[in-house]
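Reader: Hello! I am new to protein structures, and I would like to learn how to read one. Could you walk me through it?

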Protein chains: 4
Amino acid sequence: MPAKRSELATWRREQIIDSAMSVFGGKGVDAASMKDVAMAAGVTQGLLYHYFAGKEALVVAVIAERGFLPELRRLLSAAADRPASEVLPEVVAGFDKLLTARTPLLGMFLSGAHGNPKIRAGLEAVIAEGQRLLGEYLTARVAAGELHEHEPSAVAQMLLCSSLVTAVMGLSSDPRAKTSILIHGLAAT
Amino acid sequence: MPAKRSELATWRREQIIDSAMSVFGGKGVDAASMKDVAMAAGVTQGLLYHYFAGKEALVVAVIAERGFLPELRRLLSAAADRPASEVLPEVVAGFDKLLTARTPLLGMFLSGAHGNPKIRAGLEAVIAEGQRLLGEYLTARVAAGELHEHEPSAVAQMLLCSSLVTAVMGLSSDPRAKTSILIHGLAAT
Amino acid sequence: MPAKRSELATWRREQIIDSAMSVFGGKGVDAASMKDVAMAAGVTQGLLYHYFAGKEALVVAVIAERGFLPELRRLLSAAADRPASEVLPEVVAGFDKLLTARTPLLGMFLSGAHGNPKIRAGLEAVIAEGQRLLGEYLTARVAAGELHEHEPSAVAQMLLCSSLVTAVMGLSSDPRAKTSILIHGLAAT
Amino acid sequence: MPAKRSELATWRREQIIDSAMSVFGGKGVDAASMKDVAMAAGVTQGLLYHYFAGKEALVVAVIAERGFLPELRRLLSAAADRPASEVLPEVVAGFDKLLTARTPLLGMFLSGAHGNPKIRAGLEAVIAEGQRLLGEYLTARVAAGELHEHEPSAVAQMLLCSSLVTAVMGLSSDPRAKTSILIHGLAAT
DNA sequence: GATGAATGAGGATTCATTCAT
DNA sequence: GATGAATGAATCCTCATTCAT
């Protein structure tokens, strides 16, 4: 709780966003009321509207400022010259960790993606960017002669979507098994 | 609209369930009001409560009577003696079709899975059952010598989760590419 | 459950009235729904309206056909030539028993007396009649020289009202103590 | 309608409680809707829930803040050394006046005592306390030699219950007649 | 910056009643 | 006599939002 006025303001903002994320994530965006958020943040309802134009703006702020995208980019900026057998398990494990570390946000995506276009856009961005970045890496490995020609988006989908669903549903994911199968295939001999 | 009274009653029930599925799927379970459902079904709100105990009961009825489970079972009861290279693409394509054919239900799962335990249970059942059935088939193919030893649940997750997410998000899925990669692997040579 | 049609009809009527009395008494007239009554009677809602014009008519029927009035009259038709010291305790004890024996009806009076004029009328009738009958007896005893001149309605009120309230509230009543005090007075010597 | 904000708030609260008391008393607690209360108080329905958690909380507030108990206590704190022939008529007349002065509250008790445990508790408290206080006084008069040994609760019941019922039913009560009979008895000579 | 009183529309649900079968 | 499908109005309550203080 900083002393300076302007710092206190931004601190309050962050505090509200954090509370909003956990409340929205906990009960679902629709089911959560602004009163819930206000109480969780320890402020009055009125103050919420001092910092955010409304509920939707608060949702957007949570996605924009707590979204997975920046970390996802860093995670998938895999060194293009390291072998897939090393990089892929790392990437999948990292993505799993990223998702489970911020389950409330994932809950927001799950519950709000349908009705709220803003939330949906946030979810779509994550998937599209993940698919793109992972695809780039795979293409590079094909060029390097490690992997043979294939449809990179299919691999990206299989990897990222399974992480997404397992995180959302609380299932266990096994990055090593998945990547191993993908690289060596299932066929005998 | 049948003539006999008892038939009309069951017909009404079905009609309400269908309307509920599309309304819930369209706006999300939380955002959709019982009034919406009533109007979509062309009945009064009161009648909804003559057939269903409440909103939740209606949701449960939609899941129970329009759920993917029966068709999923039929779909995945793949002949254990046919090769994976044939069966897997069929299964994935079939699952894709099954999901996209009933997008409203998928929307319900997406929007309601978080807050409503009943919906979540329905979604979990679909995933668990799919994983189990597909796993059984793969194990049989390992025994038959077509595939080498592996973790079947990892394959099932990659296949089914990617179908799930692509259907939900309206992305395109390529069953043939996915299964081909899984069987032959990505590694060069 | 009699065989003949007309008997069955009257039997049903009684059955409905009994169920209505206990349901109305149990939850209060307002809080009890016609559905509650129908279920308690083991009939459909529709049939209720075959026998009674509506909820109010059912309430009136319960009061008219299960009311305290007939028994109250029999009870208070005390032999005018028997001494008050004998009659009064009998009467009060009898009234207490009458009230507690049909608590549901008492509950109806309590909960419905205010809003529903019909119920209120029923309650007023019981009180007025009790006051009148008891007053007559007391006047006779004054004439017989057993009691001195007094206001009979005051005695009736003290006796009957205390029975009413104690029955309603589930308190214990002591008829012998009350009547003894009334007859001999509280004053020392 | 005070100027300061905090005063206005408490004023509103009182105003709502008053309106609630008269509305609940007028139509009965069950029959009266929150809308009725809101209109009577000249506020919107929503505001009711700003001040009170719900209908029941409002009922409880009315009983707690407008109940008879405080005044009843003051009334029955009769000087233990004054003779019963003086005190008793005063007390009964005072109780009569107290009850008739706040008929709406009495109506609430009458109509709501059955279903609502909170209301019932309020009514029971009034009766129990009245019985206790009056009993204490009578015991003191026995000790003073004015009255002979007797069951005080029987006297209290006869006095208070008859006042209660006559007030509820709008009957006339004659405090002097009642107390005179109680003190001197009915028996001739 | 911060409060909380106030609003008005909308939510799920219940209910007495009717009527075709 | 009996059924139960159907109605529409009413009920309690919640919510996002505004604004004077």
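**Pairs, sulfurs and an interface**

Author: Let us begin with one residue: A:Glu90 is partly exposed, with a relative accessible area of 45% (buried means under 20% relative accessible area, exposed over 50%, partly exposed in between, with a 1.4 Å probe and protein chains only). Please keep in mind that this is a predicted model, in which local features need pLDDT of at least 70, side-chain atom pairs count only at pLDDT 80 or more, and totals for chains, interfaces and linings use all residues. Residues are numbered from 1 along each chain as its sequence is written, chains are lettered from A in the order in which they are written, and side-chain values use heavy atoms, leaving out hydrogens and water.

Reader: Which residue forms a salt bridge with A:Glu90?

Author: Side chains of opposite charge can pair when their charged atoms come close. Here the partner is A:Arg82, with the closest N and O atoms 2.6 Å apart; a salt bridge is a side-chain nitrogen of Lys or Arg within 4 Å of a carboxyl oxygen of Asp or Glu. A:Arg82 is also partly exposed, at 28% relative accessibility.

Reader: How many salt bridges are there over all chains?

Author: The search finds 52. One of them joins D:Glu71 and D:Arg102, at 2.9 Å between the closest N and O atoms. D:Glu71 is partly exposed at 28%, whereas D:Arg102 is buried at 17%.

Reader: Why is A:Cys161 in no disulfide?

Author: A disulfide is a covalent bond between the sulfur atoms of two cysteines. The rule asks for a pair of cysteine sulfur atoms within 2.5 Å, and over all chains the count is zero. For A:Cys161, the nearest cysteine sulfur belongs to B:Cys161 and is 8.0 Å away, so there is no disulfide by this rule. A:Cys161 is buried, at 3% relative accessibility, and B:Cys161 is buried too, at 4%.

Reader: What area is buried between chain A and chain B?

Author: The size of an interface is often given as the accessible area lost when the parts come together. Between chain A and chain B it is about 3900 Å², with carbon and sulfur atoms giving 71%; this buried area is found with a 1.4 Å probe and summed over both parts. The contact (heavy atoms within 4.5 Å) takes 48 residues from chain A and 47 residues from chain B.

Reader: How many salt bridges lie between chain A and chain B?

Author: Between these two chains the count is zero.

Note on methods. Buried area is the accessible area (1.4 Å probe) that two parts lose on being put together, summed over both.
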